[in-house]
Amino acid sequence: MSDPDEISNLHHPVSDKVLATVVIPNWNGAHHLPVCLDALRAQTYPHLEVILVDNGSTDDSQALVMELYPEVRLLALDRNLGLTGGNNAGFRAARGEILISLNNDTEAAPRFVEALVTALVDHPEAGMAASKMLLFDRRDIVHSAGDGYGVDGIPCNRGVWQRDEGQFDEPGWIFGGCGGAVAYRRAMLDDVGLFDEFFFMYCEDVDLNWRSQLAGWRCWYTPEAVVYHKLSATGGGPIASFYTGRNTLWVIAKNYPGTLLRKHWPWVFRAQWDVARDALRAWRGEAARARLRGQLAGLLGWPKMLRKRRAIQSARGVTDDYIESLFER
């Protein structure tokens, strides 16, 4: 662990001891924590603070951390604030200038933190650094090579389900990072704000990617930052279907520029219609019904998101052409 007095300017080399903070939201995830925290102990980057934000767990998560991982700062909340609230609480408590959001059901490769810090130090125009996420139990399968965003308003994990054969080994500029393993520059979060806690979970990272890009902060993909993820270990099913259905619409309401929405609305409408139609066809399935409820909740919450939209769009610092260059087609 590093003393906060050792923090240096982010434009200096990594050897100048930039402090990075890893924030891990946790809710009843004691069975995941040893793998996750042992991997952080093995990191090559020495100037590291780890905060575990416990969202009111009823298992032995807190006792496990206090007994076996005394170097980890435990931030115990009295209720479940979700991924958004948990991450935000950790970000506010963090001392680092680089803040890394990490799911509790992951195992980070030894150079994970070092690669993310290096990416942000080497690219001062970047506010985010995205990692390469592989499946925990099938380590040759990509879960995410950063986030993409479709012209139709549907977010995606770049490379999801593809066999890792080197096709995502080149670093470069992308739309954003997957919130399960991504680094943020504190200065960027001070500028655009933290995760939107109305989202609770799912697509909160997409929303933050949008807000950051609109404000002129870019995202650098760094494939050297490898992490293995236990897919849907702490979510999935009807829960994921509801929040994804709702929050996808909220992301559009808040962030999709009006000029581009007027241009591409047929694709956006068609994508939502296809989701609803497929859910109706699978009506007997609980996840399908949850997706429809999510879409309805998204529409009902649209006015609230439009109020947030005004501030986001008024602070926009990039052109339509730049935004269009980020779209997946």
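Where is aspartate 105 found? Aspartate 105 lies in the loop that joins strand S4 (98-102) to strand S5 (106-108), where helices (H or I, at least four residues) and strands (E, at least two) are DSSP runs numbered from the N terminus. This is a predicted model, in which local features need pLDDT of at least 70 and side-chain atom pairs count only at pLDDT 80 or more, while totals for chains, interfaces and linings use all residues. Residues are numbered from 1 along each chain as its sequence is written, and side-chain values use heavy atoms, with hydrogens and water left out.

**Covered helices**

- Helix H6 (204-214) is mostly covered, since eleven of its eleven residues are buried, buried being under 20% relative accessible area, exposed over 50% and partly exposed in between (1.4 Å probe, protein chains only).
- The buried residues of H6 include the charged-type side chains Glu204, Asp205, Asp207 and Arg211, where Asp, Glu, Lys and Arg count as charged, Ala, Val, Leu, Ile, Met, Phe, Trp, Tyr, Cys and Pro as nonpolar, and the others, Gly among them, as polar.
- Asparagine 209 lies in helix H6 and counts as buried at 0% relative accessibility.
- The side chain of asparagine 209 reaches the backbone oxygen of glycine 177 at 3.4 Å; a polar contact is a pair of N or O atoms within 3.5 Å, of which, within protein, one must be able to donate a hydrogen and the other to accept it, and residues adjacent in sequence count only if both atoms are side-chain atoms.
- Leaving aside residues up to four places away in sequence, asparagine 209 touches Met128, Asp147, Phe175, Gly176 and Gly177, contact meaning heavy atoms within 4.5 Å.
- Glycine 216, which follows H6, has a positive phi near 100 degrees.
- Helix H4 (residues 112-122) is also mostly covered, with eight of its eleven residues buried, namely Phe112, Val113, Ala115, Leu116, Val117, Ala119, Leu120 and Val121.

- Phenylalanine 200 sits in the loop between helix H5 (186-192) and helix H6 (204-214), and its phi is near 65 degrees, a positive value in a residue other than glycine.
- Phenylalanine 200 is partly exposed, with a relative accessible area of 23%.
- Cysteine 203 also belongs to the loop between H5 and H6, and it has a positive phi of about 70 degrees although it is not a glycine.
- Cysteine 203 is buried, with a relative accessible area of 9%.
- The structure holds zero disulfides, a disulfide being a pair of cysteine sulfur atoms within 2.5 Å.
- The closest cysteine sulfur to that of cysteine 203 is in cysteine 178, at 11 Å, which is too far for a bond.
- For cysteine 156, the closest cysteine sulfur is likewise in cysteine 178, 11 Å away and too far for a bond, and cysteine 156 is partly exposed, with a relative accessible area of 30%.

**Glutamine 43**

- Glutamine 43 is placed in the loop between helix H1 (33-41) and strand S2 (48-55), and it is buried, with a relative accessible area of 9%.
- A polar atom of the glutamine 43 side chain lies 2.9 Å from the backbone oxygen of alanine 109, and one lies 3.0 Å from the backbone nitrogen of valine 113.
- Among the residues that glutamine 43 touches, not counting those up to four places away in sequence, are Leu48, Ala108, Pro110, Arg111 and Phe112.

**Packing of H8 and H9**

- Helix H8 (residues 258-281) and helix H9 (residues 286-300) pack at an angle of about 145 degrees, with their axes 8 Å apart; axes are lines fitted to C-alpha atoms, for helices over the stretch in contact, and angles run from 0 to 180 degrees between N-to-C directions.
- The contact is made by Gln272, Val275, Ala276, Ala279 and Leu280 of H8 together with Ala288, Arg291, Leu292 and Gln295 of H9, and these residues divide into six nonpolar, two polar and one charged.

**Separations along the chain**

- Glycine 258, found in helix H8, counts as partly exposed at 22% relative accessibility, and its C-alpha atom is separated by 9.9 Å from that of aspartate 320, 62 residues apart along the chain.
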